[in-house]
Amino acid sequence: MDTPLRIVLAKIGFDGHDRGLRVVARTLRDAGFEVIYLGLRQSTDNVVTVAEQEDADVIGLSMHNAGHLTLSRKMMSALDAADLDIPVVVGGIVPEQDVQPLLDAGVACILGPGASAEEVVAAMQQAATTV
Amino acid sequence: MADESTARDQWQEALDRSTLRDADFETLSGVPVEPVYGGGPYPGQYPYTRGLHAAGYRSRLWTMRMFAGFGTAEDTNGRFKDILRNGGTGLSTAFDMPTLMGRDSDHEWSEGEVGRAGVAIDTLADMSDLFADIDLGRVSTSMTINGPANIVMAMYIAVGEQHGTSRAQLSGTIQNDILKEYQAQKEYIFPPRPSMRLVTDLMSFTAAELPRWHPISISGYHIREAGSTAAQELAFTLANGFAYVEAAVAAGLDIDDFAPRLSFFFNSHNDFFEEIGKLRAARRIWARWMKERYGARSEKSMMCRFHTQTSGASLTAQQPEINIARVAIQALAGVLGGTQSLHTDSFDEALALPTEHAARIALRTQQIIAHETGVASVADPLGGSAFVEEMTDEMERRAEEIFAHLDELGNGSMLEGAYAGIENGYFVGGIAESAYRFEQAVNAGRRIVVGVNDFTDGDNQSQDILRIDADVEDYQLKRLNQVKGERNDSQVAAALADLVAAAADPIVNTMPAMIRATQAMATEGEIVAALEGVFGTYVEAAVM
C-alpha cells in the first residue's frame, strides 16, 4: 500500500455488540490501514460527517441485531443525501438470504460470521477500488 | 483427622435432612452410586467449592430456564399462559432493544428493532398486557434488563397493585447489573455513579418491601461473550459483586439482610475443565470474601448461587448443526460445575434468533444430561481429580491477582476500583485484548474452530431462520399513541417533576416516585429523559 487506506468504523443505532468491530479495528490497524474508530451508538449523519472530514476510503459498519437491512438502507440514503460516494462494508450476523438484498441496496461488500483477517483486509481493499 | 470425620458426620446429617428426588441412584448397569466421593469440605460446607447442597442434584435438579421472547406484550402473555398451563412456574422476560436502552418505540433509532429481540414495553399499559390474568403472587418472574431496571421494576410492582397482589408476594429476579454494562454489554444509560445509586435504591426498596425479590443478578456471561478469558470473567464478575456489596453497605443495609438475595450468572464455554474449575472457584472465592473481608455471618450470605448459559459466541454460522455438540459439552461443564439453573443455546443462534425447532433441541440436550447420563447422581463428581482441583486453584489465583489490582486502583475499595477501571479502560481494554488474541490464534491456525478454519467441508446450505413480523412495530406505535392520547398530561408532568426532585436528593429513595410516574402513564423514554436531566448520559470513549 502506498498511502494507507482510511477506514471509518462504527456501529449505528442501539446495537452494543462491539467485540467484532474492535477486533476488525485492530486487524486493520495491524495490517497498515488508518482506522478512524467511532465506536458505539453513532447516527448515520455523524458517520457521514466524519467520513467526509476524514476523507475516508471505506466505511465499515458492524451489525449484530438483525437490523442490517434497515440500517444499511438508512446509511446509503444518508450518503446519497450528502452526495458522497464512499463504499460501505457491512460485517456481522448477516444470514445468507440477506446478502443479495444488501448488495442491491448499494453495500459494497458483506463480511459474515467467521470471516478471517485476510478476508477482512481483502474486503476493504476491494471495496476501496470499486469507486 | 478429627476435622475430616466431623466434616463427614455433619455432611451425613445434612444429607439425611434433605428430601431426595424420586429416582434410582445407580448406573445403567445397576451399580449403586454414593451421593459423594472423596473428602471434605463436603458439598454444602464452607467454602462450598464442592457445591451449595449436601445432596447435590439428588434433592433437586438444576432449573432448566430457557430465555426467550419476541413480539408484542399480548403475544408474550399468551406464551406465558402456555408455560403456566404446562406446569411451569417461572416466567422469563426478554425485552427488545429500545426498551433495554430506555427509549420508546417511536424513537428514531427504534425503527426495525421494536419487538424483535424481546417484548416492547413503553408504558405501564404494555406491562399490564404482558401479565394480564396471571397471578403474580404464584409465579416467579425473571426480567433481563439493566439500565432502565428500576423503571421496569416499578411497572411490575404497579401491575401487582392493579391485580391486588401485595409487594411482599412478588417473587423473581431482575438482572440490574449495571457495572458489566460499562465493561462488556454496553447497554448503559446514565454514568456509573448515579446508576449505582439506582441499584442501591432498588436493593434497599426490595429488602424493605419485596423480601422474595432478587434485586440483582451479577453477570459474567456478557463479559465472556465480549471476548474475555475465563479468569477475567470470573474475576470481573465477582469484583462487581464486591462493589455492589460495598455500595449497599454504604447505603446503610446490613450485609446479611441483602447478600442472601444476590445471585450470579456465568458463561459455560468450550474448554471443559477450565470452565468446571472456574465455577468451583467462584463459590470458594465468594464464600471467603464475604466471610473474611465483608464480615457476613449468615451462611446464606456466603453462598454463590448462579445461573449458567452456554456460550453463544462460541457457536459457528458454518455447519450450524455441529453447534448442538458444542452446546452439549458446555452444558455438561455447567452441570459438573454445580450450576443452580441452566440455559442451553440453540444451534442456529449464530445466524438469527432461534427457531422453535432449534430451541427444543437445546432443551432436550439438558434433559439428556439430567436423565440419561447419570451425572446428577453424585455431587461434585470431579472433586478430588488432581487436574480439576489444580484448575480450580489456578482460576482462583488468577482472579485474586485481578482483585489485588482493582483494590489498589480503588485505594482499598472494590467499588472505587470498579469505577476507576471503567474510567481508565481497564475492563474494556482487557476484554478487547483477549478477544483479539483469540482471533489471532484462529487466524494463525493455532486454534482450530471446527467448520471455520479447519474441517470446512460440510453442508453450509441455507438454514431456515426466524423472521420477525414487521406488524409488531405498527401495533406498538399505535398502542403508544393511544396511551399518550388517553392519559392526563398534567398528571404525567407532575409525576415526572416529583421523580426529578427525588433523584436530585441523594438520600431519597427514587422507587416510590418511579412507581407513581409509571402509574401516571409516563413512558419509559420520558422517565429516562427526566432522569438524564439530573444524572447525565454516559458516552463511552471511542478508544479501540
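This is a predicted model: local features need pLDDT of at least 70, side-chain atom pairs count only at pLDDT 80 or more; totals for chains, interfaces and linings use all residues.
1. Helix 7 (residues 192-209) of chain B and helix 9 (residues 230-250) of chain B have axes that come within 10 Å, and they cross at roughly 70 degrees. That angle falls in the 65 to 115 range, so helix 7 of chain B and helix 9 of chain B count as roughly perpendicular to each other. As for handedness, the crossing of helix 7 of chain B past helix 9 of chain B is right-handed.

2. Which residues meet where helix 7 and helix 9 of chain B come together? Helix 7 of chain B brings M196(B), V199(B), T200(B) and M203(B), while helix 9 of chain B brings Y244(B), A247(B) and A248(B). Sorted by class, this contact between helix 7 and helix 9 of chain B has six nonpolar residues, one polar and no charged ones.

3. Now step back to chain B as a whole. You'll find 21 helices and nine strands in chain B. Its radius of gyration is 23 Å, close to the 24 Å that the globule rule gives for 544 residues, so chain B is as compact as a globular protein of that length.

4. What share of chain B is buried? Of its 544 residues, 52% are. For contacts in chain B with a separation of 6 or more, 76% are between residues 24 or more positions apart.

5. Chain A has five helices and five strands. Reading from the N terminus, its elements go β-α-β-α-β-α-β-α-β-α. The radius of gyration here is 13 Å, close to the 14 Å from the globule rule for 131 residues, so chain A is as compact as a globular protein of that length. Its C-alpha atoms fill a box of roughly 35 × 35 × 25 Å, taken along the principal axes.

6. Among contacts in chain A with a separation of 6 or more, residues 24 or more positions apart account for 72%.

7. Last, look at where the two chains touch.

Conventions
Residues are numbered from 1 along each chain as its sequence is written. Chains are lettered from A and ligands numbered from 1 in the order in which they are written. Helices (H or I, at least four residues) and strands (E, at least two) are DSSP runs, numbered from the N terminus. The radius of gyration is taken over C-alpha atoms; the globule rule is 2.2 Å times the number of residues to the power 0.38. Two residues are in contact if their C-beta atoms, placed from the backbone, lie within 7 Å. Axes are lines fitted to C-alpha atoms, for helices over the stretch in contact, and angles run from 0 to 180 degrees between N-to-C directions. Angles under 35 degrees count as roughly parallel, over 145 as roughly antiparallel, 65 to 115 as roughly perpendicular and the rest as oblique. A crossing is left-handed if the near helix is turned anticlockwise from the far one by less than a right angle, and right-handed if clockwise. Ala, Val, Leu, Ile, Met, Phe, Trp, Tyr, Cys and Pro count as nonpolar, Asp, Glu, Lys and Arg as charged, and the others, Gly among them, as polar. A residue is buried if 20 or more other C-beta atoms lie within 10 Å of its own, exposed if 12 or fewer, and partly exposed in between; C-beta atoms are placed from the backbone.
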